[in-house]
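The following paragraphs lead the reader through a single structure, moving from one residue to the chain and then to its local features. Please keep the sequence and the model in view while reading.

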Amino acid sequence: MANSDPPQKESLRQKRITVPKFSALKESAEKITMITAYDYPMAQLVDEAGVEGVLVGDSMSMVVQGHENTLPVTLDEMIYHAEMVGRAVNRALVVVDMPFPSYHLGPHKAIENAGRILKETRCQAVKLEGGADQAETIAALVSAGIPVMAHCGLRPQSVHQLGGYRVQRNENALLHDARAAEEAGAFAVVLECVPGDIAKRITEHISIPSIGIGAGPDCDGQVLVLHDVLGLSSDYVPRFVKAYADLQTDITKAVRQFRDEVREGQFPGPEHGYQ
Ligand code: KIV
């Protein structure tokens, strides 16, 4: 059948980072970059900045909703935000976190929930926390045509079991998890809060990309939470974060200036009104 897409749509599709293209980036000389986004304007900006992956993370529970951990955010809320992000992003691969406990009730329920994410949001893949313990679910999702990014190392959804957010140092268990995720069909694996030398060895032992967060410089890529990168996180910021802007200060300053100009009669001026 002849391709009848308009030229602009066709060129966007060629530029699109698909799941196989994302996995193949492991072999390229350049590092993979990934960042979170939770709404339309921010997703547009991070896509334009040229990252390879956008993650609609369940970190939304903390940085957008103001909860103390990632447990409260619901599947419906993830889908609501992922739909905005999916509509905004034209180039990057968009991955959506499966929230707790949307994949813990067996492969059938996980397919139903991940299927909703793909059907309702225009996003291309899901992420779930787990390795060997989630291998059966990862394999079931993959065989249903749902691409899975695994998340090993520190698993924030298990914060109560772990007793806090701690660096994960059990090399054998970490390697076993990353390998199990790969064997089950995951196309990439996030490594969170893992010592750099261990993350390096894991990266060398798997054929899918490792995306590090607090896992040193030798992973195939890096992911950070957008609010941390922009200096918008008011609460505790982990050691592995680098803020590239101070929007908290800029936003407070701008709003304070607006308030002052209104109070002092400087805004609105004649140029802001109608005759
Ligand atoms: O929810 C999230 O933002 C994440 C990243 C920190 C990897 O899982």
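**A guided reading of the model**

Gln 168 is buried, with a relative accessible area of 18%; buried means under 20% relative accessible area, exposed over 50%, and partly exposed in between, with a 1.4 Å probe and protein chains only. The model is a predicted one, in which local features need pLDDT of at least 70 and side-chain atom pairs count only at pLDDT 80 or more, while totals for chains, interfaces and linings use all residues. Residues are numbered from 1 along each chain as its sequence is written, and side-chain values use heavy atoms, with hydrogens and water left out.

Gln 168 is located in the loop between α8 (159-162) and α9 (171-184). Helices (H or I, at least four residues) and strands (E, at least two) are DSSP runs, numbered from the N terminus. Beyond its neighbours within four places in sequence, Gln 168 contacts Gly 153, Leu 154, Leu 162, Leu 174, Cys 193, Val 194 and Pro 195, where contact means heavy atoms within 4.5 Å. The side chain of Gln 168 also reaches the backbone oxygen of Arg 166 at 2.7 Å. This is a polar contact, defined as a pair of N or O atoms within 3.5 Å; within protein, one must be able to donate a hydrogen and the other to accept it, and residues adjacent in sequence count only if both atoms are side-chain atoms.

Cys 193, one of the residues in contact with Gln 168, lies in the loop between β6 (188-192) and α10 (196-205). At 11% relative accessibility, Cys 193 counts as buried. Its phi is near 50 degrees, a positive value in a residue other than glycine. Arg 122 likewise has a positive phi, of about 65 degrees, although it is not a glycine. Arg 122 belongs to the loop between α6 and β4 (125-129) and is exposed, with a relative accessible area of 55%.

The whole chain may now be considered. The secondary structure of the protein chain comes to 12 helices and eight strands. Its radius of gyration is 20 Å, close to the 19 Å that the globule rule gives for 275 residues, so the chain is as compact as a globular protein of that length. The radius is taken over C-alpha atoms, and the globule rule is 2.2 Å times the number of residues to the power 0.38. Along its principal axes, the C-alpha trace spans about 70 × 55 × 40 Å. Buried residues make up 48% of the 275 residues. Of the contacts with a separation of 6 or more, 59% are between residues 24 or more positions apart.

At 11% relative accessibility, Ile 35 counts as buried. Not counting residues up to four places away in sequence, Ile 35 touches several residues, among them Val 46, Val 54, Leu 224 and Val 229.

At the start of the helix, a side-chain oxygen of Asp 39 reaches to within 3.1 Å of the backbone nitrogen of Met 42. Just after α3, Gly 50 takes a positive phi of about 100 degrees.

Which residues are around the ligand? They are Thr 36, Leu 55, Gly 57, Asp 58, Ser 59, Asp 97, Lys 127, His 151, Ile 213, Val 223 and Val 225, each with a heavy atom within 4 Å of the ligand. An oxygen atom of the ligand is 2.6 Å from an N or O atom in the side chain of Ser 59, and a polar side-chain atom of Lys 127 lies 2.8 Å from an oxygen atom of the ligand. The protein covers 94% of the 260 Å² of accessible area that the ligand has on its own. Accessible areas come from the Shrake-Rupley method with a 1.4 Å probe; for residues, only the protein chains shown count as cover.
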